Amino acid sequence: MAQRHELVLRFEAFPEVSLSLVLLRGVKNHAALQQAMLGGELDCAFICPALVRDPFLIHTAAYAALCAHSNNKLRTRNIHSELVVSLSPTRNITKSLSAFGRVGSDMIVGVFSLSSQKVRFLWPIGQCLLEFLLIASTVGQCAFC
């Protein structure tokens, strides 16, 4: 069975917010998960791990997304899609989302949370995303590099 490896990023300017990241490898139903995310059923970000060489890049993009969110200047629907767009060097939202948000069998899942909340990957019904993936046998290997 795959193990859960998680990296939690914190932000000095936003002490009440954290970003939990998990790298999933060998996901078999990635298309269905991405459709669920695009349909608003999942409140998270899917990031293509091949384009992210260091977690610091995600940390920087997350800080930019938090700044945009706190100033009501989001260019996208929510803070999670803003995170994906902030990873890209281009200002074109469609190109950014298709490049950094397109995932295959490997994906980084990111979830922002407040310190008062438990850090969980939530489905609308409250199930943990990773537990769901593991129970459904859709994950081949889970590791964070």
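**Exercise 1.** Determine how the residues that line the largest pocket divide into nonpolar, polar and charged.

*Solution.* The lining divides into 7 nonpolar, 8 polar and 3 charged residues, where Ala, Val, Leu, Ile, Met, Phe, Trp, Tyr, Cys and Pro count as nonpolar, Asp, Glu, Lys and Arg as charged, and the others, Gly among them, as polar. This is a predicted model, in which local features need pLDDT of at least 70 and side-chain atom pairs pLDDT 80 or more, whereas totals for chains, interfaces and linings use all residues. Residues are numbered from 1 along each chain as its sequence is written, and side-chain values use heavy atoms, with hydrogens and water left out.

Next, locate the lining: of its 18 residues, Met37, Leu38, Arg77, Ser81 and Leu97 lie nearest the centre of the pocket, and α1 (30–38), α3 (79–86) and α4 (93–100) each supply at least two lining residues.

**Exercise 2.** Find which side chains meet in a salt bridge, and state whether each residue is buried or partly exposed.

*Solution.* Apply the rule that a side-chain nitrogen of Lys or Arg lies within 4 Å of a carboxyl oxygen of Asp or Glu; the count comes to 1 salt bridge. The side chains of Glu82 and Arg75 form this contact, at 3.3 Å from N to O. Then consider accessibility (buried is under 20% relative accessible area, exposed over 50%, partly exposed in between, with a 1.4 Å probe and protein chains only): Glu82 is buried at 2%, whereas Arg75 is partly exposed at 34%.

Definitions and conventions:
1 Å grid on protein atoms, 1.4 Å probe; cavity = no way out; pocket = protein on both sides within 12 Å on 5 of 7 lines; lining within 4 Å. Helix = DSSP H or I, 4+ residues; strand = E, 2+ residues; numbered from the N terminus.
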